Amino acid sequence: MKNTALKSLLLASSLLSSAGLVHAADVTLTIESWRNDDLQIWQEKIIPAFEAKNPGIKIVFSPTAPTEYNASLNAKLDAGSAGDIITCRPFDASLELFNKKQLVDITSLPGMENFSPVAKAAWTTDDGKSTFCVPMASVIHGFIYNKDAFDKLGISVPKTQDEFYAALDKIKADGTYIPLAMGTKDLWEAATMGYQNIGPNYWKGEEGREALISGKQKLTDPEWVKPYEELAKWKPYLGDGFEAQTYSDSQNLFTLGRAAIYPAGSWEIALFNTQAQFKMGAFPPPVPKAGDQGYISDHPDIGVALNAKSTHPEEAKKFLSWVASPEFADIYANALPGFFSLNSNPVKMSDPLAQEFVSWRGPYKSTVRSTYQILSRGTPNLENETWVESANVINGTDTPQVAAEKLQKGLDSWYKPAK
């Protein structure tokens with residue numbers, strides 16, 4: 001009896017198989033990431049959108065704590081146990097993985113044509129020949145302001161350097177608000193929201209950054225010293241005790257309505273939306289004079305790559321091509337306001353503050369932070385030294401010229417531009 005039942009089961013199985021009714025098991029792709037804050041967004045928005053159009057491929061988003069990610073990922077890659085999709089930090093950390101042949105060259109992956117050379121810069125080899133991560137998002141620098149304060153004081157959004165200082169003078173004279181919410185205690189704030197924010201207008205974005213890397217320009221040249229001269233002028237507008245003011249202090253001063261302008265990175269948008277009880281707006285770094293071409297720091301923050309040891313490379317490439325699509329760009333950028341798509345296809349943002357930031361692309365030329373590619377690989381590290389000198393200039397302990405000379409001397413001690 002048992003044999004008869006078994007034969008019947010085998011026959012039925014054979015018939016179903018030959019009829020094509022039994023499908024191969026779904027392929028599961030695992031994503032390594034440090035963005036544990038985004039788990040819900042992936043599970044509820046991104047993964048369902050992909051799986052709906054790609055039956056047979058399942059996605060598991062498996063994040064690690066941000067502070068542990070690099071070490072954890074390197075250990076997994078070395079052991080051959082990392083997921084199929086690797087979330088990429090910008091510049092050198094991911095380049096090192098590619099040079100170790102742990103990430104696949106995806107230069108010709110369908111969809112990569114949707115990204116400009118600047119968008120791909122953070123995940124492209126020094127010679128520009130190979131790209132190894134699909135760009136996902138960037139953060140944009142500028143200034144977030146209290147619209148209620150501007151309306152009360154009759155201040156228009158400043159477009160030029162002179163208009164910017166006129167606005168600061170008016171805010172200071174009124175006395176209700178601290179003009180600029182920024183401190184120097186944490187150092188990086190002075191560099192990232194100060195020097196790297198306004199600097200591209202003086203060194204002309206990519207033109208100056210590439211000239212610095214090639215050795216055609218130096219940090220002691222006028223276009224690199226001028227941003228420090230401007231930063232030094234911010235001191236009277238920062239409020240009492242700014243030297244002891246931390247990054248979180250600056251955030252609180254602004255969101256509590258005590259400061260009128262916040263030198264910003266767009267990553268603040270989601271937090272500020274939940275905390276500020278007033279209307280907010282944003283403006284790009286004011287240009288030196290009316291009619292000048294403007295530049296913005298539109299800095300690559302996150303991308304995704306294919307693990308060279310993935311057992312499902314074709315399915316993983318299908319996923320990466322989808323990440324390179326306008327559909328993904330729209331979902332991701334609107335789910336995380338302030339993290340902007342690097343895709344060349346424009347994304348309409350539902351958040352008005354995020355839309356204001358992203359509207360600067362086009363009229364303003366995009367660049368990345370000047371210290372991130374190549375120039376911070378040695379010791380002293382140019383990025384970290386720029387933090388120190390930006391704070392020193394604002395504090396008044398170094399002149400702009402002295403700060404520039406220190407930075408160039410440190411760079412010269414280890415960096416020799418390629419001939």
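**Exercise 1.** Find the polar contact made by the side chain of Arg-209, then describe the setting of Arg-209.

Solution. 
- The side chain of Arg-209 makes a polar contact with the side chain of Glu-206, at 2.8 Å. A polar contact is a pair of N or O atoms within 3.5 Å; within protein, one must be able to donate a hydrogen and the other to accept it, and residues adjacent in sequence count only if both atoms are side-chain atoms.
- This is a predicted model: local features need pLDDT of at least 70, side-chain atom pairs count only at pLDDT 80 or more, and totals for chains, interfaces and linings use all residues. Residues are numbered from 1 along each chain as its sequence is written, and side-chain values use heavy atoms, leaving out hydrogens and water.
- Arg-209 sits in helix α10 (residues 206-214).
- Its relative accessible area is 2%, so Arg-209 is buried (under 20%; 1.4 Å probe, protein chains only).
- Leaving aside residues up to four places away in sequence, Arg-209 touches several residues, including Trp-203, Trp-224 and Arg-369 (heavy atoms within 4.5 Å).

**Exercise 2.** Classify the crossing of α11 and α18.

Solution. 
- The axes of α11 (residues 222-232) and α18 (residues 400-412) come within 8 Å and cross at roughly 135°.
- The crossing of α11 and α18 is right-handed.

**Exercise 3.** Which residues of α12 are buried?

Solution. 
- In α12 (residues 247-255), the buried residues are Tyr-247, Ser-250, Gln-251, Leu-253, Phe-254 and Thr-255.
- Their packing partners include β4 (134-146) and α8 (188-198).
- Just after α12, Gly-257 has a positive phi of about 85°.

Key
Buried means under 20% relative accessible area, exposed over 50%, partly exposed in between (1.4 Å probe, protein chains only). Helices (H or I, at least four residues) and strands (E, at least two) are DSSP runs, numbered from the N terminus. Axes are lines fitted to C-alpha atoms, for helices over the stretch in contact, and angles run from 0 to 180 degrees between N-to-C directions. A crossing is left-handed if the near helix is turned anticlockwise from the far one by less than a right angle, and right-handed if clockwise.
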